[in-house]
Amino acid sequence: MVSFSGLQFHDRAPVYQQIAEYLKRQILLGTVQDGDAMPSRRELAAQTGINPNTAQKAYRLMTEEGYIYTDGNNGSVVRLTPALREAIDEELTRGLVQRFVDEAKQNQLSYKKVIALVSELWGDE
């Protein structure tokens, strides 16, 4: 069963969105696979200390985005296709890089300086 015990909330986004993003990260890291059982909404609320209505909202979002499937009373499972996994990877990678670029621009860093530093810090590949 998928665990949300490592999830730590922050103030930058609504809690239900943070839950969905956490699951997406776990999918990309390979700790969550296609067919893995999800906790019930009440179990998720208890694991994370959130309101059950917020857990319900998170499940609704994850279902709408297509990576959670709920089969009536049988519970919810992770549902992944290669295309969906690729879309999640693109979304999270683009978001991370966009936040970095926005902050670099706010600090008036030059493109050349940023690229040089990234190259230096990245190391050999």
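So, salt bridges: a search of the whole structure turns up four of them. Keep in mind, everyone, that this is a predicted model.

Let's take the pair within helix H1. Glu21 bridges to Arg25, with the closest N and O atoms 3.6 Å apart. Both residues lie in H1, four residues apart, which is about one turn of the helix. How exposed are these two? Glu21 is partly exposed at 32% relative accessibility, and Arg25 is partly exposed too, at 36%.

Now please turn to Lys24. Which residue does Lys24 pair with? Its partner is Glu91, and the closest N and O atoms are 2.8 Å apart. This pair links distant parts of the chain, with Lys24 in helix H1 and Glu91 in helix H4, 67 residues apart. Is Lys24 buried or exposed? Lys24 is buried, because its relative accessible area is 4% and the cut-off for buried is under 20%. Glu91, on the other hand, is partly exposed at 42%.

On to the inside. The largest nonpolar core has 26 residues, and those with the most contacts inside it are Phe4, Leu23, Met38, Met62 and Tyr67. Helices H1 (15-29), H2 (41-48), H3 (52-65) and H4 (82-106) each give two or more residues to this core. H1 has the largest share, six residues. As a general point, nonpolar side chains tend to be buried together in soluble globular proteins.

What does Met62 touch, leaving aside neighbours within four places in sequence? Its contacts are Ile19, Ala20, Leu23, Met38, Tyr67 and Ile68.

Last, the surface. Leu96, Val97, Phe100, Val101, Val118 and Trp122 form a nonpolar patch there, with about 580 Å² of accessible area together. H4 and helix H5 (111-122) each give two or more residues to this patch, and H4 gives the most, with four. Val118 sits in H5 and is partly exposed, with a relative accessible area of 35%.

Thanks, everyone!

Conventions
Residues are numbered from 1 along each chain as its sequence is written. This is a predicted model: local features need pLDDT of at least 70, side-chain atom pairs count only at pLDDT 80 or more; totals for chains, interfaces and linings use all residues. Side-chain values use heavy atoms; hydrogens and water are left out. A nonpolar core is a set of buried Ala, Val, Leu, Ile, Met, Phe, Trp, Tyr and Cys residues joined through side-chain atoms within 4.5 Å. Buried means under 20% relative accessible area, exposed over 50%, partly exposed in between (1.4 Å probe, protein chains only). Contact means heavy atoms within 4.5 Å. Patches are made of residues with over 30% relative accessible area and no salt bridge: like charges are joined within 9 Å, nonpolar side chains (Val, Leu, Ile, Met, Phe, Trp, Tyr) within 5 Å. Accessible areas come from the Shrake-Rupley method with a 1.4 Å probe; for residues, only the protein chains shown count as cover. A salt bridge is a side-chain nitrogen of Lys or Arg within 4 Å of a carboxyl oxygen of Asp or Glu.
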